[in-house]
Every structure is written in structure tokens, then in C-alpha cells.
Amino acid sequence: MNVRTLSDRELNRATLDRQLLLHRSGMDAAQAVEHLVGLQTQIPPNHYVALWSRLTDFDAQAFSQRFENHEFVRISLQRSTIHTVTARDCLPLRQLLQPVQDRNLKGAFGKRLQGIDLTELAERARKFTEQEPLTLNDLGKLLAESYPEHEVQALGVAARNNLALVQVTPRGLWQQGGLPKHTTAEHWFGNTKAVPAMRAEELVLRYLTAFGPASVMDAQNWSGLTGLREVFDKLRADLVVFRSESGTELFDLPDAPRPGEDVPAPGRFLPDYDNVFIGHKDRARINDPRVPKERVFSGNTPISTFTVDGWIRGVWKVETDKKRTTATMNLTPLVPITKAQRADLEAEGGRLLEFLVPGADHDLRWHEDENG
């Protein structure tokens with residue numbers, strides 16, 4: 001059987017479409033967050049820019065109110081990183097991804113936790129955090145009273161990895177701050193009944209809906225899970241198969257949209273660690289090949305990017321004065337872009353400035369790439 005090869009440009013357009021970045025969607029915020037299987041939000045305000053760039057008429061204040069009402073939460077999930085998810089997805093996802101948490105804890109703190117019964121530690125931590133939301137450092141100090149020979153940091157992280165701890169508001173609310181304090185998801189939702197884990201097959205199908213066409217390694221890289229080849233093989237009869245330009249086997253849902261490579265892609269502004277960049281092991285479908293990976297993704301250093309013709313081709317940053325009376329959008333292309341593409345970005349950037357800092361005096365400045 002002949003397997004069709006999808007060009008990087010075809011993969012780009014398909015991915016943008018699935019990620020709601022080719023055309024803004026009329027989805028409700030909860031529908032969008034569930035469609036995307038969560039939003040990576042290591043930086044608390046990231047979900048606002050991510051959703052603004054994806055949805056028509058996105059209302060940040062309304063989303064913030066729903067967040068405060070426990071409809072959305074931020075919790076460690078895929079790759080053991082913080083994601084914004086709906087209350088409905090939180091516990092099923094967290095339970096399925098527990099092996100990711102376990103592996104992360106073992107690799108980072110395993111030697112520092114030797115001799116501790118982690119189940120016992122988790123129950124102590126549950127009581128503390130359900131009495132009062134705590135930072136991991138404060139939780140670690142309380143746990144250290146029972147485990148005096150162990151590091152405070154390791155104890156706090158162990159609690160987060162062995163409990164479904166959510167970060168409570170006001171952290172994550174619109175234009176508000178707050179320390180990362182935690183309580184259990186069960187306590188936050190008032191949930192007293194056991195919630196079953198999401199099945200791996202459901203996760204893979206939802207991943208393909210939002211990120212496909214994609215490879216087994218793409219799905220594993222995104223989720224942090226291993227052993228997904230068996231899951232894909234079980235689903236193979238219900239999927240279609242393609243090849244990437246590099247020869248990698250790609251899977252997709254039969255009826256999923258795969259726009260032609262000539263479909264126009266408007267400029268979009270993405271927050272740090274956006275899903276569209278994090279979602280695949282092979283990032284050739286979204287990152288311009290002329291842009292070194294370290295320029296747009298550098299470990300724990302936040303870097304906000306923009307796309308031109310569907311590809312990540314520059315970085316952006318908004319600066320304001322202390323009273324937020326002035327706001328400047330700074331744009332740095334990392335490859336040459338045309339006058340028309342600059343105009344497209346300026347229009348989109350102006351709208352983003354009005355969203356982020358309404359009523360301020362706005363300015364937009366282009367900068368040369370000092371490393372180019």
C-alpha cells in the first residue's frame with residue numbers, strides 16, 4: 001500500500017488548524033481548553049494570550065471569573081509541567097499521567113528521598129494542604145518536622161508528585177498575582193468520589209485531534225508517557241497513516257482537517273512554551289528551519305514568539321511603565337520578512353496591546369536581531 005508523504009508545509013497548515021491558529025475559533029473557552037488537552041502555562045498569565053490568539057471575542061475577565069469559580073485549574077500534568085485544564089479533565093488526566101510524575105521525581109530527587117514511605121508522606125501533605133493552601137516550600141517545612149533528615153525542597157516536590165495538587169487563585173487570574181499555593185484537586189473541587197483515570201487510547205485520539213498528524217514519538221514527547229507504540233497499534237485500524245518528509249510514520253484521524261499547503265496563515269502571537277511549539281518531538285512543522293531552536297526555546301527561559309506565514313520567525317515582548325499608562329510592543333524578526341508581513345504583524349500586535357494593556361498609550365517597535 002502506498003503511503004502518502006506530507007510536506008512540512010502541509011503539516012504546518014494541519015497543525016495550525018488543529019491548534020485553532022489558522023482561523024480563530026468560535027469555541028467557548030472550556031471547549032477550546034479541552035480540545036487542546038490543556039494549555040501549557042508555566043507562566044501563570046500564558047493562558048490569556050494563548051486563548052486570545054485562538055478564539056474570537058475572547059473575554060479575559062470572564063475567563064478569569066470562571067477560573068476563580070474552579071472551572072479551570074493549573075496543575076502538573078504533561079511532562080510534569082504546569083498546564084491549565086478544565087475541572088472535568090483535571091483528575092482523569094492527572095491519574096493517567098502519574099507515571100510521568102513518578103519518573104520525574106525519581107530522576108530529580110530519588111536519592112534525596114530514600115527511606116521515605118511516599119504514600120505516608122502524601123497523606124501528611126494532603127492534611128496540611130487541605131487545612132490551608134501552601135507553597136511547596138512551606139509544605140516542605142511542615143513535612144520536615146516528620147522527616148528532619150531530608151531536604152525541604154525534596155519533600156515539597158515529592159508531595160506535588162504524589163498528590164494532585166492544584167495552584168489556587170489568585171494565581172492565574174487576569175492581571176493578578178499571587179504565590180503558588182497548593183491544595184488537592186479533590187478538595188478544590190469538593191469532590192469526594194473516586195474519579196477513574198483517562199484511558200491511554202482516549203488521550204492518543206484527543207492528541208491527534210489537536211496536534212495531528214503526528215508520530216508515536218511526537219505523542220510521547222508531548223505527554224511524557226512511554227510505551228505508546230502499543231496504543232497506536234491498537235488504534236491503527238481506525239487511523240490513517242502518512243509519512244513526513246524525513247520518512248517518519250505519522251498517524252491521524254480519517255476525517256480530521258488537513259488544509260492544503262497554500263492556505264494563507266495570518267501572523268499570530270504565541271506565549272512562552274505554547275502548545276504549538278511544545279507538542280511535537282519534530283518541530284520542523286512549526287519552527288522556521290533558519291531559526292536556531294535555542295533562539296525560541298531555551299530551557300526555563302521564557303521566550304514569546306510570533307509566526308509569519310505559519311512559521312515561528314521572531315520573538316516579541318511587551319514593556320509597560322509601573323502605572324501601565326504606556327505600553328510598547330517590541331518585535332524582533334529572526335529571519336527576513338516582507339513589508340506586507342510586517343504590516344500584518346503590526347495590526348495583530350496593536351490588537352494584542354489593546355487586549356493586554358487597554359487604555360494605555362501604545363507603541364510598536366521593530367528591533368534588529370543582534371545575533372543574526
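Q: Which residues are buried in helix H13?
A: In H13 (residues 228–235), Leu-228, Val-231, Phe-232 and Leu-235 are buried. Buried is under 20% relative accessible area, exposed over 50%, partly exposed in between, with a 1.4 Å probe and protein chains only. Helices here are DSSP runs of H or I with at least four residues, strands are E runs of at least two, and both are numbered from the N terminus.

Q: Why do they line one face?
A: Looking down the H13 axis, the buried residues fall within an arc of 95°, so they line one face of the helix. That arc is taken from the directions from the helix axis to the C-beta atoms.

Q: What's on the face turned away, and what does the buried side pack against?
A: The face turned away carries the exposed residues Glu-230 and Lys-234. The buried residues of H13 pack against helix H11 (200–211), helix H12 (216–223) and strand S7 (249–252), with contact meaning heavy atoms within 4.5 Å.

Q: Before I go on, what kind of model is this?
A: It's a predicted model, where local features need pLDDT of at least 70 and side-chain atom pairs count only at pLDDT 80 or more, while totals for chains, interfaces and linings use all residues. Residues are numbered from 1 along each chain as its sequence is written, and side-chain values use heavy atoms, leaving out hydrogens and water.

Q: OK, the sheet. What's the strand order?
A: Five strands make an open sheet, S8-S9-S10-S11-S12, with mixed pairing; two strands pair if DSSP finds at least two bridges between them. S8 (268–270) and S12 (361–366) are at the edges with a single partner strand each, so one side of each has no neighbour in the sheet.

Q: How do S10 and S11 pair?
A: S10 (residues 311–320) and S11 (residues 326–333) are antiparallel over seven bridges. Val-318 has Met-329 in S11 as its bridge partner.

Q: Which helix has Leu-352, and is Leu-352 buried or exposed?
A: Leu-352 sits in helix H16 (residues 339–356). Leu-352 is buried, at a relative accessible area of 0%.

Q: What does Leu-352 touch?
A: Not counting residues up to four places away in sequence, Leu-352 touches Trp-52, Phe-269, Trp-316 and Met-329. Trp-52 is 300 residues from Leu-352 in sequence, yet their C-alpha atoms are 8.2 Å apart.
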